[in-house]
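The following paragraphs lead the reader through one protein model. Please keep the sequence and the structure in view while reading.

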Amino acid sequence: FVDKSPSRFRYLRNLTLTGYIDGCGDYYEDSGIRESVVAFFQNAQFLETFTLDDTSILLLNRRIPAAIAAYTRVRYFDMHNLDNNTYRMLQKFQSPLITLKTSLGYLANTVDILERFKDSLQELHVERGIFTEEVVTFPSLTVLVAPYYRFFYTECLISSFPKLRELTLLA
């Protein structure tokens, strides 16, 4: 998906990346290809919607997660299969997300990771989230979809989302 002039991707507004990078054989072993992929992510800075189904592309080079975290215009972000590296990227994310769809896993407190987006987030789909007793108010959140969640305190759920209109919980 990358060519010799990655700077042209600065006009890209919507990006969906699917697939399994390990299935590409030796393609990404070429350092020139890797640098082109890094340049692509560094130049796609005006993305508004971003879906990343396979996070293994983030492992090609540490500059890729840094470039994504530096985006400031993404409003819709969909990324699953997070690990410690992607947690850190999400915590450094500069865009004021409106919609976030993700799978965080049971190892991290969901509120700690999402607190960065508390003022802008309106819709949250989070699989395998853990909501502990920590109350952080998400004043604009109106939709919460949380399959396979763990809420340890109902008061936290009520206090954290005062404008909630739609709630889907699947245990």
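Leaving aside neighbours within four places in sequence, S160 is in contact (heavy atoms within 4.5 Å) with E134, V135, V136, T137 and F138. The model is predicted, so local features need pLDDT of at least 70 and side-chain atom pairs count only at pLDDT 80 or more, while totals for chains, interfaces and linings use all residues. Residues are numbered from 1 along each chain as its sequence is written, and side-chain values use heavy atoms, with hydrogens and water left out.

S160 belongs to helix 5, residues 154-160; helices are DSSP runs of H or I with at least four residues, numbered from the N terminus. S160 is buried, at a relative accessible area of 1%, where buried means under 20% (1.4 Å probe, protein chains only). The side chain of S160 reaches the backbone oxygen of V136 at 3.2 Å.

Attention now turns to the nonpolar core, a set of buried Ala, Val, Leu, Ile, Met, Phe, Trp, Tyr and Cys residues joined through side-chain atoms within 4.5 Å. The largest such core has 44 residues, and F41, F50, I68 and F77 touch the most other members. Not counting residues up to four places away in sequence, F41 touches L17, F50, I57, I64, A67, I68 and Y71.

A last feature is the pocket, an open set of points on a 1 Å grid over the protein atoms alone, where a 1.4 Å probe fits and protein lies on both sides within 12 Å along at least five of seven lines; lining residues have an atom within 4 Å of a point. The largest pocket is lined by 14 residues, and R62, P65, A66, N85 and M89 lie nearest its centre. Helix 2 (63-69) and helix 3 (84-92) are the elements that give two or more residues to this lining, with the largest share, five residues, coming from helix 3.

Methods: Buried means under 20% relative accessible area, exposed over 50%, partly exposed in between (1.4 Å probe, protein chains only). A polar contact is a pair of N or O atoms within 3.5 Å; within protein, one must be able to donate a hydrogen and the other to accept it, and residues adjacent in sequence count only if both atoms are side-chain atoms.
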